[in-house]
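Try each task before you read its solution.

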Amino acid sequence: MKTLTVNLPGRAYDIVCGRGLLDRAGELLRPVLRGDLAVIVTDSNVEPLYAARLARSLHGAGFRAAILEIPPGEQSKTPEVLAELWEQMADLGITRSDSVIALGGGVVGDLSGFAAATILRGVSFVQIPTTLLAQVDSSVGGKVAVDLEAGKNLAGAFYQPKMVLMDPDTLKTLPDREFRCGMAEVIKYGCIRDRALFDRLAEDGGRERVMAHVEEILLRCCDIKRQVVEQDEMDTGLRMLLNFGHTLGHVYERAYGYERYNHGEAVAAGMTAAAGLGTLLGVTPEGVRGEIEALLRQYGLPTSIAAGQKDYAAALTKDKKSDGGQISFVVLREIGRAETVKLEKAKLLDLIREAGL
Ligand code: ADP
Ligand code: ZN
């Protein structure tokens, strides 16, 4: 078992990672949670796989565990499902000293985190991410949200967990496509901050070999995210670098109605596109795009996604990272080193046209 501490002023918390940790959750959480009631929020895919083991471990440490189940998938990340969770938590008699535990992927984490942040004006929150994407990305950093009709993640909060527990063994049941989706973010960390990680992934070449040392990979990714979040909790500067591949990734997700491509697939194509644009801007060396493409191919991820000029224009107008007409666009100086450039939206659209994207 390995621990990383996220040092936020007054709200430091541990990320604990180890195989079989699910069965030890109770003893690990007892010192950081005050109340007796632990409300486990999970989805109907994860519930039959892992909820009983978690509940047993919590009981063993003297908690009362309740399980609330939501339907799987992004369509549950809504104000309506959030309101149902509030009512169910109130019916359970939750008090200020009790806690909410997210057991599942990013959808469960974002939704139940927002419920934890708001029920009774905030109860303790714990993340037990069970997808690769949630383990390396969404469970760390304290962003919780639901989607609105107007767009994804538009209503939310910054709300840090009391602890993040990751059991890499839970990844064994993850469908291949979900695994690939998480790998896109892992590759992103290599691109923005860690050449050695990038090379190691190229050497591994696939799921089986990654799984043989997945703990190390999870910790490396979480450590990078930890450093960035510690320096920029509220997402005003440095945290922007985590957005590599995401500005255009969001265009692709949106262009296909969030159905054809999952987040990781869209980000994969967004990263190669960003490498190409970085070269046009004179920042990214020529060969970088090809290297990223080769790695994405090894992991079964797309290297490009077709979109029209009006998809780019519409999505870039909505980009949360835009500030007036300016967009902070993340480019690579080399593999392992990212920086942002501020671009007028019109200029970015010109470059996209020039690159033939
Ligand atoms: P994210 O990719 O943001 O983490 P979700 O929360 O939607 O997204 O999870 C992706 C899918 O994987 C969901 O259908 C969820 O039920 C399922 N899932 C999550 N964890 C596991 C797991 N460990 N084994 C099998 N399926 C899982
Ligand atoms: Zn992402």
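**Exercise 1. Find the side-chain polar contacts to the ligand.**
Keep in mind that this is a predicted model. Which side chain has an N or O atom 2.7 Å from a nitrogen atom of ligand 1?

*Solution.* Start with threonine 130: an N or O atom of its side chain sits 2.7 Å from a ligand 1 nitrogen. Next, go to threonine 173, whose side chain also places an N or O atom 2.7 Å from a nitrogen atom of ligand 1. Then look at asparagine 45, where a polar side-chain atom is 2.9 Å from an oxygen atom of the ligand. The cut-off for a polar contact is 3.5 Å. Now for burial: on its own, ligand 1 would expose 560 Å², and the protein buries 87% of that.

**Exercise 2. Describe the shell around ligand 1.**
How many residues are around ligand 1, and which come nearest?

*Solution.* Count first: there are 17 residues, and the nearest are Asp43, Gly106, Thr130, Thr131 and Thr173. Sort the shell by class and you get eight nonpolar, seven polar and two charged residues. Finally, check the helices: H2 (46-60) and H4 (106-118) each provide at least two shell residues, with H2 giving the most, three residues.

**Exercise 3. Classify a helix pair.**
Are H6 and H7 parallel, perpendicular or oblique to each other?

*Solution.* Read off the geometry: helix H6 (residues 176-193) packs on helix H7 (residues 195-204) at about 135°, their axes being 6 Å apart. That angle makes the pair H6 and H7 oblique. Next, list who touches whom: H6 brings Met183, Val186, Ile187, Tyr189, Gly190, Cys191 and Arg193, while H7 brings Arg195, Leu197, Phe198 and Leu201. By class, this contact has eight nonpolar, one polar and two charged residues.

Note on methods. Residues are numbered from 1 along each chain as its sequence is written. Chains are lettered from A and ligands numbered from 1 in the order in which they are written. This is a predicted model: local features need pLDDT of at least 70, side-chain atom pairs count only at pLDDT 80 or more; totals for chains, interfaces and linings use all residues. Side-chain values use heavy atoms; hydrogens and water are left out. A residue is near a molecule or strand if one of its heavy atoms lies within 4 Å of it. A polar contact is a pair of N or O atoms within 3.5 Å; within protein, one must be able to donate a hydrogen and the other to accept it, and residues adjacent in sequence count only if both atoms are side-chain atoms. Accessible areas come from the Shrake-Rupley method with a 1.4 Å probe; for residues, only the protein chains shown count as cover. Helices (H or I, at least four residues) and strands (E, at least two) are DSSP runs, numbered from the N terminus. Ala, Val, Leu, Ile, Met, Phe, Trp, Tyr, Cys and Pro count as nonpolar, Asp, Glu, Lys and Arg as charged, and the others, Gly among them, as polar. Axes are lines fitted to C-alpha atoms, for helices over the stretch in contact, and angles run from 0 to 180 degrees between N-to-C directions. Angles under 35 degrees count as roughly parallel, over 145 as roughly antiparallel, 65 to 115 as roughly perpendicular and the rest as oblique. Contact means heavy atoms within 4.5 Å.
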